[in-house]
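Please read the following report with the structure open beside it.

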Amino acid sequence: MKGIYDIYVQGFDYGCGVSKVLVTLQSEIDCVLKENLKIIETRQAADMTKPDFPVEIISCERHIEDAYLSNEKGERINKASSYVMIELRCSPMEGNPLVFDMHTQYNTYSDPYTLEITYNDEWCIDECYRHRYTCADAFTLDCYSDGEVTFQYAYYQPARHSSSLIVWLHGLGEGGIINTDPYICLLANKVTALISDEFQNMFAGVHVLVPQCPTYWMDIDGQCSNFFGGKIQGKRESYYTSSLHALIDDYKKKNHIDNVILCGCSNGGYMTLLMGMDYSHEYKAIVPICEAMPDLYISDEDIVNLKDLPMYFVYSLDDDIVDPTLHEIPTIKRLRKIGASDLHVSVSEHVIDRSGQYFDENHQPYQYMGHWSWVYFDNNECVSEDNMKAWEFMASRMLR
């Protein structure tokens, strides 16, 4: 029996994965048994065991959690149907439709990404999926140009009118223009948390704007000239500062926005801090997460500009990508020295899985890289020294 299939991409703390597959058969069937199903996934992945970290095509068998007859929406039904919903286990080692290239430092869509779906040799399913649905589909894609820079961006508008806006600035891995789009900015990290009921209810509804940088936010000339040897030589400048400001201003005008909070991680944390220094009076608050702005390049004037801007820093002490002793720690010390009026800091020793879903080989909670402190932010698990959560801080400052 011939058929086609669609995939659903779910966001997780470690990234994203294809968690569901909806098979459409040419004829109805009376039942489906998951033990008769087999799915072989073929995708691109970087081989981290080889010196050059080459991107290779790999295949593995996916673990099937459940399979059942459904309607065209994938909802379980108890009658014959030509639709079969298959639920798959996802993990950092399987299911990711994105590939991270260590040389470019970008996430892109895996090409190929296919599933070989068989059922006791009775089905003949096309190996290429027809549609890709994601947990970020509530966002709309658009683009903006100020004549110098063209941004692709994703945006979410709440059901009822809101004059408030959250701007999320992604990390290095979510930039670029080839085989990518702003959905990658939403899925490579669990940015969809910003449209969760928990987050949205705290603001009584809030817009979310997610621009995608054509290269990376720390780029000083738009030509990546400060990226070499796999590292970026960060300074206090970005080619994209004025263009990003223009994009945010354009969105504000179109949607009658009065209040804006900036937040972002790593490269995006750098840009969050830079925008705060240059346009401190335009934002209700900033939330830099594992930010990559070297304190060496922050002037005393910059510190004064930030003094009265509400700020919430998030970082982990074991961050070996962006060393806190060269970034957050000295900057926060300087801000406190001049009496920053609304400064909060959430510091962790490590980034440990708190969901109870992921474990290491010793059956201990899985430990992420120290740079991944956005995991705590995405799950509303950041708590400052004065016992304030990051989301609580954002909501209270937005509504002031």
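## Aromatic pairs

Across the whole structure, which is a predicted model, a search finds 19 aromatic pairs. One of them joins Phe151 and Tyr240, whose ring centres lie 6.1 Å apart with 55 degrees between the planes, an arrangement classed as tilted. This pair links distant parts of the chain, since Phe151 belongs to strand β13 (residues 150-156) while Tyr240 sits in the loop between β17 (231-232) and α3 (241-255), 89 residues apart. Phe151 has a relative accessible area of 0% and is therefore buried, and Tyr240, at 2%, is buried as well.

In the pair of Trp372 and Trp374, the ring centres are 5.7 Å apart and the planes meet at 25 degrees, so this pair counts as stacked, the cut-off being under 30 degrees. Trp372 is partly exposed with a relative accessible area of 21%, whereas Trp374 is buried at 8%.

## Salt bridges

The count of salt bridges comes to 20. In one of these, Asp6 is joined to Arg130, and the closest N and O atoms are 3.0 Å apart. Because Asp6 lies in strand β1 (residues 2-12) and Arg130 in the loop between β10 (124-125) and β11 (132-134), the pair ties together parts that are 124 residues apart in sequence. Asp6 is buried, with a relative accessible area of 4%, while Arg130 counts as partly exposed at 45%.

Arg62 and Glu94 form another salt bridge, with 3.7 Å between the closest N and O atoms. Here Arg62 is found in the loop between β4 (55-61) and β5 (64-70) and Glu94 in the loop between β6 (81-88) and β7 (98-101), so that the pair ties together parts 32 residues apart in sequence. Both Arg62 and Glu94 are buried, and they take part in a network of salt bridges that also includes Glu41, Arg43 and Arg89. A further salt bridge connects Lys50 with Asp47, where the closest N and O atoms are 3.8 Å apart; Lys50 is partly exposed, with a relative accessible area of 37%, and Asp47 is buried at 17%.

## Nonpolar cores

The largest nonpolar core holds 75 residues, of which Ile86, Ile117, Trp123 and Phe377 touch the most other members. Leaving aside residues up to four places away in sequence, Ile117 touches Tyr5, Val21, Val23, Leu37, Lys38, Ile39, Ile86, Trp123 and Ile125. Apart from this core lies another, of 48 residues, and among them are Phe151, Leu274, Ala292 and Ile298.

## A β-α-β unit

Strand β20 (residues 311-316) pairs with strand β21 in the parallel sense over six bridges, and within β21 the bridge partner of Tyr315 is Val347. Together with helix α6 (residues 328-337), β20 and β21 make a right-handed β-α-β unit.

How much of strand β21 is covered? Strand β21 (residues 343-348) is mostly covered, with five of its six residues buried.

Conventions:
Residues numbered from 1 in each chain as written. Predicted model: local features only at pLDDT ≥ 70, side-chain atom pairs only at ≥ 80, totals over all residues. Heavy atoms only, no water. Buried < 20%, exposed > 50% of the residue type's maximum accessible area, 1.4 Å probe, protein only. Helix = DSSP H or I, 4+ residues; strand = E, 2+ residues; numbered from the N terminus. Pairing = 2+ DSSP bridges. Right-handed = clockwise from strand over helix to strand, strands pointing away. Core = buried A, V, L, I, M, F, W, Y, C linked by side-chain atoms within 4.5 Å. Contact = heavy atoms within 4.5 Å. Salt bridge = Lys/Arg side-chain N within 4 Å of Asp/Glu carboxyl O. Phe/Tyr/Trp six-rings, centres within 6.5 Å; stacked < 30°, edge-to-face > 60°.
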